[in-house]
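Subject: Structure for your review

Dear colleague,

Please find below the structure that I am handing over to you.

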Amino acid sequence: MDVDVAKLVELLKKEGPMHMRLVVKKLGKTWGAAQWVVFKAERMGLVKTARIGGFHIVYLPGQDPEEYARRLGSSDKGA
């Protein structure tokens, strides 16, 4: 398995679903490089992605991206 893919999977196991912007930041990659890592992991069946309420969420199978998106949405309303 690719080192970056393994890092992504471990990150999601530890922290749960996250917005793509946070994946970019946590992986320390450019936007395009992080998208490529997510794409490879998704092709391997290790992660899933969803666009919920304008948020691009990356998560592991079995995690609830909708709950995460609800929390994001409620925190954005005060901004």
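This is a predicted model: local features need pLDDT of at least 70, side-chain atom pairs count only at pLDDT 80 or more; totals for chains, interfaces and linings use all residues.

I begin with helix H1 (residues 3-15) and helix H2 (residues 20-27), whose axes come within 11 Å and cross at roughly 120 degrees. The crossing of H1 with H2 is right-handed. On the H1 side, the contact is formed by Asp4, Lys7, Leu8, Leu11 and Glu15, and on the H2 side by Val23, Lys26 and Leu27. Sorted by type, the residues of this contact comprise four nonpolar and four charged ones, with no polar residue.

H1 also meets helix H3. The axes of H1 and H3 come within 9 Å and cross at roughly 80 degrees, which means that H1 is roughly perpendicular to H3. Here Asp4, Val5 and Leu8 of H1 touch Val37, Val38, Lys40 and Ala41 of H3. Five residues of the H1 contact with H3 are nonpolar, two are charged and none is polar.

The next topic is the interior. In soluble globular proteins, nonpolar side chains tend to be buried together. In this model, the largest nonpolar core has 24 residues, and the members that touch the most others are Leu8, Leu12, Met20, Val23, Val47 and Val58. Two or more residues of this core come from each of H1, H2, helix H3 (31-43), strand E3 (55-59) and helix H4 (65-77). Which element gives the most to this core? It is H1, with five residues.

Leu12 deserves a separate look. If residues up to four places away in sequence are not counted, Leu12 touches Pro17, Met18, Val47, Val58, Tyr59, Leu60 and Gln63.

Finally, I would draw your attention to Lys40, which lies in helix H3. Is Lys40 buried or exposed? Its relative accessibility is 18%, and because buried means under 20%, Lys40 counts as buried. Apart from neighbours within four places in sequence, Lys40 is in contact with Asp2 and Val5.

Yours sincerely,
A colleague

Notes. Residues are numbered from 1 along each chain as its sequence is written. Side-chain values use heavy atoms; hydrogens and water are left out. Axes are lines fitted to C-alpha atoms, for helices over the stretch in contact, and angles run from 0 to 180 degrees between N-to-C directions. Helices (H or I, at least four residues) and strands (E, at least two) are DSSP runs, numbered from the N terminus. A crossing is left-handed if the near helix is turned anticlockwise from the far one by less than a right angle, and right-handed if clockwise. Contact means heavy atoms within 4.5 Å. Ala, Val, Leu, Ile, Met, Phe, Trp, Tyr, Cys and Pro count as nonpolar, Asp, Glu, Lys and Arg as charged, and the others, Gly among them, as polar. A nonpolar core is a set of buried Ala, Val, Leu, Ile, Met, Phe, Trp, Tyr and Cys residues joined through side-chain atoms within 4.5 Å. Buried means under 20% relative accessible area, exposed over 50%, partly exposed in between (1.4 Å probe, protein chains only). Angles under 35 degrees count as roughly parallel, over 145 as roughly antiparallel, 65 to 115 as roughly perpendicular and the rest as oblique.
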